[in-house]
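Subject: Structure handover

Dear colleague,

Here is the structure I said I would pass on. Please look it over first; my notes on it follow below.

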Amino acid sequence: MSTAREKRDARARLRLVGEREVDDAALLEGLRAGEAWAREALFDRYAALVERTLRRVLGRELHTELSDLIHDCFVEALGSVARLREPAAMPGFVRSVAVNVAKKSIRARRARRWLRFWEPAAMPEAPVTDCDPAVRDAYARTYALLERLGDEDRVVFVLRHVEGLELTEVAEACGVSLATIKRRLARADSRFAAAAAHDPALRAWLEEGGRWTT
């Protein structure tokens with residue numbers, strides 16, 4: 001059992017930047033104890049991961065709700081941290097929470113679509129600077145296709161091909177087995193490739209990369 005001094009030392013180390021080999025263990029201990037410094041440290045350490053995951057999964061559907069979704073992620077993480085057993089699993093745990101919040105956002109947006117009085121293409125895009133127009137166009141076209149996939153297929157496709165996670169990491173983020181992820185990814189790949197084949201701009205990008213050629 002840790003002594004009071006050891007706990008204080010762990011907290012002190014947690015406040016130092018670059019001490020990741022001990023940080024997550026001390027952080028998890030603090031979160032379980034409900035300490036304010038641990039909640040702040042959780043945000044400081046993982047806000048960038050959460051934001052990146054939300055941006056990658058939601059794409060052009062994100063718009064102005066990013067700060068609210070980040071807040072929701074950390075509220076959910078704090079509410080479910082008790083189920084986390086290993087400090088080393090903290091990054092995967094946080095990513096899985098972000099994926100869950102992103103899926104909820106996708107479903108909620110789809111449920112509200114009957115209220116829209118404009119076409120999706122007319123939705124305002126987030127400003128992008130220093131980006132090749134062709135890349136920006138490919139991005140918009142890619143996410144337009146992803147919006148037509150089911151939320152599970154969309155998430156697994158983005159985590160694997162956009163975020164570049166290993167299959168085991170995708171499975172962990174989605175909370176399902178590796179076999180399930182492989183089935184979902186194969187289905188998502190097939191549906192995306194079939195749809196992209198009818199888009200001249202995307203077809204050229206995919207064929208150039210070689211990943212989707214047959």
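Predicted model: local features only at pLDDT ≥ 70, side-chain atom pairs only at ≥ 80, totals over all residues.

Helix α9 covers residues 178-196, and its length checks out: at 1.5 Å a residue, its 19 residues should span 27 Å, and the end C-alpha atoms are 26 Å apart, which agrees. The buried residues of α9 are Thr180, Ile181, Arg184, Leu185, Ala188, Asp189, Phe192, Ala195 and Ala196. Viewed down the helix axis, these buried residues fall within an arc of 160 degrees, so they line one face of α9.

The chain has 10 helices and zero strands. Of its 214 residues, 40% count as buried. Among contacts with a separation of 6 or more, 64% are between residues 24 or more positions apart.

Helix α3 (residues 36-58) is kinked by about 55 degrees, with the kink centred on Tyr46. Just after α3 comes Gly59, which has a positive phi of about 55 degrees.

The largest nonpolar core has 54 residues, of which Leu42, Met90 and Leu159 touch the most other members. Helix α3 supplies the largest share of this core, 11 residues. With neighbours within four places in sequence left out, Leu159 is in contact with Val57, Val99, Gly164, Leu165, Val170, Ala173 and Cys174.

Cys174 is itself buried, at a relative accessible area of 11%, and Cys73 is buried too, at 2%. A search of the whole structure for disulfides finds zero.

The other residue I looked at is Tyr143, in helix α6 (residues 133-146). Is Tyr143 buried or exposed? With a relative accessible area of 4%, under the 20% cut-off, Tyr143 counts as buried. Leaving out neighbours within four places in sequence, the contacts of Tyr143 include Arg55, Arg56, Val57, Leu58, Gly59 and Arg60. Arg154, Val158 and Val162 are also in contact with Tyr143. Tyr143 and Arg56 are 87 residues apart in sequence, while their C-alpha atoms are 9.6 Å apart in space. Gly59, one of these contacts of Tyr143, is the residue with the positive phi just after α3.

Regards

Key
Residues numbered from 1 in each chain as written. Heavy atoms only, no water. Bend = angle between axes of the 7 residues up to and from the residue. Helix = DSSP H or I, 4+ residues; strand = E, 2+ residues; numbered from the N terminus. Disulfide = S-S within 2.5 Å. Buried < 20%, exposed > 50% of the residue type's maximum accessible area, 1.4 Å probe, protein only. Expected span 1.5 Å × (residues − 1). Arc of directions from axis to C-beta. Core = buried A, V, L, I, M, F, W, Y, C linked by side-chain atoms within 4.5 Å. Contact = heavy atoms within 4.5 Å.
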